[in-house]
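Open the model in your viewer and keep the selection panel at hand. The stops below go one by one.

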Amino acid sequence: MTIGFASRAAVSTCVLCTAGLLVLAPAAATTGTGIDPGPRVTPASASLLYRPGTHVRPRPGTPGVPDLSARSWLVADAHTGEVLAAHDAHRRLAPASTLKTLFALTVLPILPAGITHRVSAEELAGIGPGSSLVGVAENRGYRVSDLWNGVFLSSGNDAVRVLAELSGGWRDTARRMQAKARALGARDTRVTSPDGYDAPGQVSSAFDLAVFGRAGLRNPEFARYCARREARFPARDGGSYGIRNTNRLLTGADGVEPYRGLVGIKNGYTSNAGNTLVAAARRDGRTLVATVMNPRADDGLAVYEEARSLLDWGFEAAGRVDPVGSLDAQRSGPLRGPEAESAAVPVRRGDGPGRPVSWTIAGAALLGGAGTALFLRLRWGPVPAD
């Protein structure tokens, strides 16, 4: 049985050149968690998710899907990519800081975690008023891993600014994020501000955010950061202070009961987007990923309780419903134009204002591990262990 309808038709893409060149990550993006790509989506299953409304195909005895107030939601099996149920999965909405999942997928592979960088005032310019901040200070040195803690735990737009500058600049990072989304088959996402700050035309969807979350679980660095509850962050005076993950399902803050088996991912909020959340949980060998966008309930914590209900239903219904679609992109041939460009982007030095490098990370990758090691020594010197 199918309930309701969906919207728009998907066009799939081939993998961005970056995918083959993630040589600076500690492990390949498809290793380390036991999650494989699964079957490719068929045109029939894809079209169903593009119709508006709620979609689920239950077998006899399957519990009913929860009644949620969110404008859009989706729950899927992270291993197979099969979508168990969805509501307006491709509805384009403001994503808030859940867009930082795409930022991390794009930038994590090209910045070694142990590099130390002294932040300049210019790198912190342009942060939107009211932004969430972790407390990055100018003229203070930070390891890249510190900044990622600031992104994943405190949703720090200041940390995003610095990482974006280190990886090629604000506009170039947005452009590469857009290309990465297309390479993953996420066609609803439009990137204007890499930190997820409200910006004209910036949108994503429950489907795309689930795609980003699932891809993140395959990256050991991403998976480690998004599951981290607490960390220490460098202070201006040379000491450090504690920061705590703002994902209440993970930490149990503000009276929200922690979700059993949660492996994290990312929450967000802006006045335009409302509350958004991408959550993943693992129970009895099964991992589910769920997206909840903009609950209309008055309670500001409703996004966590609706995600809880959706995950509970998913674990109970898994194996008892037929999929209504898939998170996997259907490949239709090579990309053309800017979406197909290489990962060869200028990267700034970690110890000063920086200059574009002439020998790119992509070029180093072509020479294998030895070439990459030489590249890092030339550009940053010895890289300490994270």
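Which residues does tryptophan 148 touch, not counting residues up to four places away in sequence? Select Phe103, Ala104, Val107, Leu108, Leu163 and Tyr225; contact here means heavy atoms within 4.5 Å.

The model is predicted: local features need pLDDT of at least 70, side-chain atom pairs count only at pLDDT 80 or more, and totals for chains, interfaces and linings use all residues. Residues are numbered from 1 along each chain as its sequence is written, and side-chain values use heavy atoms, with hydrogens and water left out.

Next, select helix α2, residues 100–107. Helices are DSSP runs of H or I with at least four residues, strands are runs of E with at least two, and both are numbered from the N terminus. In α2, 8 of 8 residues are buried, that is, under 20% relative accessible area with a 1.4 Å probe, protein chains only. Show α3 (144–152), α4 (157–166), α5 (170–183), α6 (206–217), α7 (220–226) and β8 (262–270), which are included in what covers them.

Now colour the largest nonpolar core, with 67 residues. Such a core is a set of buried Ala, Val, Leu, Ile, Met, Phe, Trp, Tyr and Cys residues joined through side-chain atoms within 4.5 Å. Those with the most contacts inside it are Leu74, Val136, Trp148, Phe152, Phe212 and Leu327. Helix α6 gives the most to this core, 8 residues. A second, separate core of 28 residues includes Tyr259, Val303, Ala307 and Val321.

Last, go to glutamine 202, in the loop between α5 and α6. Glutamine 202 is buried, at 5% relative accessible area. Among its contacts beyond four places in sequence are Ala94, Leu99 and Tyr197.

How values were computed: Buried means under 20% relative accessible area, exposed over 50%, partly exposed in between (1.4 Å probe, protein chains only).
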